[in-house]
Amino acid sequence: MIKKWLSAIGLISDSKHKQASGESAIPQVLGFTLGAVVNVDRVRLAILEDDLTFENASASQTILAVGVVPLGEGTRVIRYYTDDDGFFQILQQGTQDSGVKEISLWYFFDNTPIDTDSRWDTVLADEVVTPERHYELDGNQFDAYWGHERPVAMTETTYTSDGQKTETDQFVMLYSRDISDGLTEELMIAAEEKGSEMGFERIVARSTGIQLKRNHFKVMA
C-alpha cells in the first residue's frame, strides 16, 4: 500500500541521486528522519488490536518518505511514511522537539483513484465531510471531530531518500470514535490532488490512527 500511495503521488523513482538541498529541508524530529527505524511497543498495540481498524502493526518500521504540511502561525504536521503501509504523524509548534504537541500512528485503509471531474466534485461536496457528519468504516461509526462543514485544504510537500520531491493538495476531514480505556481511534479522509503534464492525478485516501506517547516507541537512526 505505501508503495502504491507513493507511486500515486509521483514519488516512486529508480534514481539513486540524492539532492542535498532537498534533504536539508526535511525535518528531523524526536529522531525521526529518512531511513531511520522505529521500534513500536508491540505489546500495547496487541492489547488494543481487537478494538482497532488496523491490525498486525510491525514492531519495527523503516521510514521511506517524509511529508510536511504547514498549518500557519509556526505550526506544522510532519508525516513519516514507513514500509509498514502507514505513517507516524507529528503535530509540532516551531521546529524544536520541545514544540511537539501530538504523536500518532496511522495506517492506510485504502486509496481510490478519482478519474473524472464530476466524481471529484461529488467527493468534495459530500464524501469527505458527509452530510450526516458521521462516517461508516469497517462496521464502525466515526463522528466528525472537526467542526468544519467543508473539507480543510492543506498542501503537503513530500520527500524521499532518492531526492524526489512533490507537492500534493489535500482536502481533509478528521473523524473519531471511542475505543477501550478512554482512548480514541481517528479516521482521516483525504481527497488528494497532484498536477502533472497529463492533467490532475486524484485519489481518496482513508487512514485510521491512534495517539502515541513517547514511551510507546523508540527511534533508531
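Predicted model: local features only at pLDDT ≥ 70, side-chain atom pairs only at ≥ 80, totals over all residues.
**Exercise 1.** Which strands pair with strand 4, and how many bridges join them?

*Solution.* Start with strand 4 itself, residues 86–93. On one side, strand 3 (residues 75–82) runs antiparallel to strand 4 and is joined to it by 7 bridges. Finally, ask how covered strand 4 is: 6 of its 8 residues are buried.

**Exercise 2.** Which residues take a positive phi in the two hairpins?

*Solution.* Go to the hairpin of strand 3 and strand 4, with 3 residues between the strands; Asp85 has a positive phi near 65°. Then move on to the hairpin of strand 4 and strand 5, with 6 residues between them, where Gly94 in the turn shows a positive phi of about 80°.

**Exercise 3.** Why does the pair of Phe32 and Phe217 tie together parts that are apart in sequence?

*Solution.* The whole structure holds 10 aromatic pairs. One of them is Phe32 with Phe217, tilted, at 5.4 Å centre to centre and 55° between the planes. Phe32 sits in the loop between helix 2 and strand 1, while Phe217 belongs to strand 12, so the pair connects parts 185 residues apart in sequence. Now check burial, for which the cut-off is under 20% relative accessible area. Phe32 has 0% and is therefore buried; Phe217, at 12%, is buried too. To finish, widen the view: ring pairs link Phe32 and Phe217 with Tyr80 and Phe88 into a cluster.

Conventions. Residues numbered from 1 in each chain as written. Heavy atoms only, no water. Buried < 20%, exposed > 50% of the residue type's maximum accessible area, 1.4 Å probe, protein only. Helix = DSSP H or I, 4+ residues; strand = E, 2+ residues; numbered from the N terminus. Pairing = 2+ DSSP bridges. Phe/Tyr/Trp six-rings, centres within 6.5 Å; stacked < 30°, edge-to-face > 60°.
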